[in-house]
Amino acid sequence: MTPMADAVPLLRIAGLSAYYGELRAIYDIALDIREGDILAIIGANGAGKSTLLKSIVGLMNRGEAAHIRGRVEFRGRRLDTLETEAIVDAGVTLVPEGRRLFPRMTVEDNLRAGAFLPRLRPTADRRLAEIFGLFPKLRERRRQVVSEMSGGEQQMVAIGRALMSSPSLILFDELSLGLAPAVVDDIYRKVREIHAKGVTCVIIEQDMRRALAVANRVCVMLEGAIVLEGAPAELTEDAITAAYFGSER
Amino acid sequence: MNEDLYWMFIDVANGLLSGSMLGGYYAVIAIGLALNFGVMRLVNLAHGDWLILAAYLAVAFLSMANVSPFWTLLLVVPVMYVIGYVIQRVMLNRVSVQAAERRGMSASFGLMSPLLVTFGMSIVIGQGLLAVFDSNAMAIRNELSFDAIRLGEDLTVSTLRLIFFGIALLMLALVQFFLHGTHMGRAIRAASDDPEIAALMGMNANKVYAVASGISLATAGVAGVMIGMSRSFQPFDGPTFLLIAFGVVILGGLGSMVGALVGGLILGIVQVLAGTYFGPSAQLVAGYILILFVLAVRPQGLFSR
């Protein structure tokens, strides 16, 4: 890799705003995500975290009411004009809030659905085996219908399904929401393993301490804007708390 | 041997046998509707008219080439697939449940508007067939119509019905395999459940729905040729077959090919047995009474979970 390539971020967001009808949910966002980052996004409910991730993968451009303005570039290529299908094909994917699995389908069918794109099909079996290696429990339960599984297991399926598209960048929306602490520990171990294989990760996390522990960069959102950004070592808990609540202290 | 007991046995055996054969044929008539309704949540009121259109297509093909009626499938099935694909892309995708949800409207609104669109389509197809073929009853002539295979002294089965039954099993197995064992089949189930997440899987939901509707009409093509080979038909016969298809789907439950087969078998057997014991006029009535009964006690269908 040339030194220049290091200088160009994997994902560059500039002047990004997203609207639900007339309502602006995020406001003039500028953010660079470098290859190899684990970026944690924290912020209160309604701060625009999910909207930001949805904007990156094109889900804010699908309905007739919602739309985005601004630029999103992935490896120098514009994503903001692409459909979600093409964005996923380019190597960016999202693990959605609440998992959003296909409830009537089995574990294996859910995972295989993630390898729908023609370029992924020839290698789908190999990646399925890798995912079963990462989550051995899913191999045992491959024939089970996912609606019968626990929240933690469903989160594993959701992560596995996203990995089936062999992404370079994964966005995790509310990774640990609603899961038992022991399960969350396990999920975070898996995220580290995924990251170690060279996948850049963005995680929306409610638990500030967890976010600081796992991430090499943290950004705090408030009322649709990024109000604080930096490496965990540079940021004090007080500064983050202040940014989170928007209080001047 | 007790003579009465023997004839009772023959009546029941005959009812089960020819009822099953009829049931396979009913299942084929219903596959397309079950796919649209059960998987895509699209109620296609024009389903019966598409069946009749396919029968007319076969007649038109046979008037140009003097071959066995089974060869017409080679033309009818692909033509119906293309019609289904195009209709879904240019019309139904704009009014589907998924389109309504995407616009932020309720799913029930999305169930209503395709009803109106496909009802209109049903009228257009019927009138179109009338304009092109006039109202005389047509049939697809074939040598098998009066053939039967003797299974015993007093037990026979129609050769044509037996062939149809074989085709039915083959088609149900193929569609079931397609839905569960192929990328496109999984995509159809996924995109119907959650189009937004399907897009995250790299699926273009509108194209996926179009393929599903294409397959739905392709199966209607086979069913239409079967209808034409087993009876005479006229341009406005569509609703009769729509009712049969609905009956099968209601009895068997939504979206499962096994359900379509079971629903077809029940409807077929009940009709034939009712015909045997209460006379021909009881056939249809018994079928519909059964459907009403099932709707009253198990509206989700006998076999859906």
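1. Strands S6(A) and S7(A) run parallel and are joined by four bridges. Within this pair, Val92(A) stands opposite Leu169(A) of S7(A). Strands here are DSSP E runs of at least two residues, helices are H or I runs of at least four, and both are numbered from the N terminus. Two strands pair if DSSP finds at least two bridges between them.

2. The model is predicted: local features need pLDDT of at least 70, side-chain atom pairs count only at pLDDT 80 or more, and totals for chains, interfaces and linings use all residues. Residues are numbered from 1 along each chain as its sequence is written, chains are lettered from A and ligands numbered from 1 in the order in which they are written, and side-chain values use heavy atoms, with hydrogens and water left out.

3. On confidence, chain A has a mean pLDDT of 92, with 96% of its residues at 70 or more. pLDDT is the predictor's confidence in each residue, from 0 to 100. In chain A, the highest value belongs to strand S7 (residues 169-172), at 98, and the lowest to helix H1 (residues 3-7), at a mean of 52. Residues 1-5 of chain A fall below 50; beyond near neighbours in sequence, this stretch has two contacts in the model. Contact means heavy atoms within 4.5 Å.

4. S6(A) and S7(A) belong to an open sheet of six strands, ordered S6-S7-S8-S3-S9-S10 in chain A, with mixed pairing. The twist averages 20 degrees from one strand to the next. Angles run from 0 to 180 degrees between N-to-C directions, and axes are lines fitted to C-alpha atoms, for helices over the stretch in contact.

5. H2(A) packs on this six-stranded sheet, touching S3 (38-43), S6, S7, S8 (200-204) and S9 (217-222) of chain A. The direction of H2(A) makes about 135 degrees with that of S3(A). Helix H10 (residues 237-245) of chain A lies across S3, S9 and S10 of chain A, at about 30 degrees to S9(A).

6. Chain A also has an open sheet of four strands, in the order S2-S1-S4-S5, with antiparallel pairing. Strand S2 (23-33) and strand S5 (77-78) of chain A are the edges. Seven bridges link S1 (residues 11-20) of chain A to S2(A) in the antiparallel sense. Ala18(A) has Ile26(A) in S2(A) as its bridge partner. Helix H2 (residues 49-56) of chain A packs on this sheet, touching S1, S2 and S4 (66-74) of chain A, with its direction at about 115 degrees to S1(A).

7. Next, helix packing in chain A. The axes of H7 (residues 151-163) and H8 (residues 181-196) of chain A come within 10 Å and cross at roughly 15 degrees. H7(A) and H8(A) are therefore roughly parallel (angles under 35 degrees; over 145 is roughly antiparallel, 65 to 115 roughly perpendicular, the rest oblique). Residues in the contact include Met156(A) and Ile159(A) of H7(A) and Val183(A) and Ile187(A) of H8(A).

8. In chain B, H10 (residues 238-252) and H12 (residues 282-297) pack at about 40 degrees, with their axes 10 Å apart. That makes H10(B) oblique to H12(B). Among the residues that meet are Leu243(B) and Ile244(B) in H10(B) and Tyr288(B) and Leu290(B) in H12(B).
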